[in-house]
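Subject: Structure handover

Hi,

My notes follow below it.

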Amino acid sequence: MKRKVIVIGIGAGNPDYVTVQAIDALNRVTVFFIPDKGTEKANLARLRRQICERFIPGRDYRMVDFTTPHREKSSPDYAKDIEAWRDRVEDVYQRLLMEELGDDDCGAFLVWGDPSLYDGTLRILEKIRSKGIFELQYEVVPGISSVQALAARHKVALNRIGESIMITTGRKLAEGFPNNVDSMVVMLDAGNAFKTVDGDLDIHWGAYVGTDEEILVSGKLRDVCEEIERLREAARQQHGWIMDSYLLTAPRGNEDEE
Ligand SMILES: C[S@@+](CC[C@H](N)C(=O)[O-])C[C@H]1O[C@@H](n2cnc3c(N)ncnc32)[C@H](O)[C@@H]1O
């Protein structure tokens with residue numbers, strides 16, 4: 001029996017970001033796998049449900065909630081810690097696919113933003129497929145990532161003319177702003193890594209971008225750093241969780257013609 005799954009990028013938080021291709025895919029799905037990543041992520045689970053209710057009118061489908069394994073964050077070996085956690089997540093996905101999908105089913109994972117960016121779903125599915133325990137066929141539908149949403153809301157281009165962009169994490173930025181990079185998008189920054197870099201950089205910061213709770217701040221980093229730190233803390237207190245990212249741009253650069 002061949003098990004079929006679609007990985008659908010649902011955009012970074014606003015149901016209006018769902019593409020026509022995603023709507024078509026949603027309407028082929030019979031079983032939605034909905035992760036419960038803890039209470040702070042309840043809002044995210046709710047968005048996934050809203051999307052199904054809005055875009056799949058009058059058709060039956062099943063929702064299968066599952067709990068993603070907790071990641072031990074105390075380990076000093078980050079890479080090893082991630083690897084062990086991924087193995088446990090993979091076991092959960094494998095069991096779901098085996099137990100929940102029948103011959104006529106089409107399963108789906110609704111991925112926040114776009115599945116290509118800081119999301120493990122594609123890696124996990126490919127690993128399960130390559131083990132060959134059962135036949136697995138999956139396809140991918142791209143979504144509007146938080147990076148695109150951030151740029152659009154700030155009305156900025158990500159790259160300087162003819163230059164490259166780096167997309168990275170707060171953890172990496174804390175190791176230093178590379179001297180050969182002009183533009184950098186920083187995601188997954190739990191610790192205000194922007195405070196550690198040159199205040200001369202320009203920042204375009206956004207939290208809950210695209211949603212009703214959206215907060216946007218931009219300016220010279222040294223001028224807005226404290227404001228962003230304060231807003232982040234207040235938002236985290238208010239909502240119990242935060243999703244924010246930012247673009248850092250060096251003030252000068254070798255701007256070749258495009
Ligand atoms: C695990 S990554 C997932 C990224 C996602 N696949 C995407 O395409 O945007 C989660 C990070 O994405 C960023 N993010 C996601 N949604 C966001 C939003 N609506 N506003 C600001 N940042 C967001 C934050 O940096 C957050 O820590």
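Which backbone N or O atom lies 2.9 Å from a nitrogen atom of the ligand? One of Val209 does.

Some ground rules. This is a predicted model, in which local features need pLDDT of at least 70, side-chain atom pairs count only at pLDDT 80 or more, and totals for chains, interfaces and linings use all residues. Residues are numbered from 1 along each chain as its sequence is written, and side-chain values use heavy atoms, with hydrogens and water left out.

Ligand site
- A nitrogen atom of the ligand lies 2.8 Å from a backbone N or O atom of Leu117.
- A polar backbone atom of Asp114 is 2.8 Å from an oxygen atom of the ligand.
- The protein covers 90% of the 570 Å² of accessible area that the ligand has on its own (Shrake-Rupley method, 1.4 Å probe).
- The ligand is surrounded by 16 residues (a heavy atom within 4 Å). Trp112, Asp114, Leu117, Ser146 and Asp244 are the closest.
- The shell divides into nine nonpolar, five polar and two charged residues. Asp, Glu, Lys and Arg count as charged; Ala, Val, Leu, Ile, Met, Phe, Trp, Tyr, Cys and Pro as nonpolar; the others, Gly among them, as polar.
- Domain 1 (2-141) and domain 2 (146-249) both give residues to this shell, so the ligand lies between them. The bounds come from an automatic or database domain assignment.

Arg236
- Arg236 sits in helix H7 (residues 221-239; a DSSP run of H or I, at least four residues).
- Leaving aside neighbours within four places in sequence, Arg236 is in contact (heavy atoms within 4.5 Å) with Ala190, Tyr208, Trp241 and Ile242.

Best wishes

Conventions: A polar contact is a pair of N or O atoms within 3.5 Å; within protein, one must be able to donate a hydrogen and the other to accept it, and residues adjacent in sequence count only if both atoms are side-chain atoms. Helices (H or I, at least four residues) and strands (E, at least two) are DSSP runs, numbered from the N terminus.
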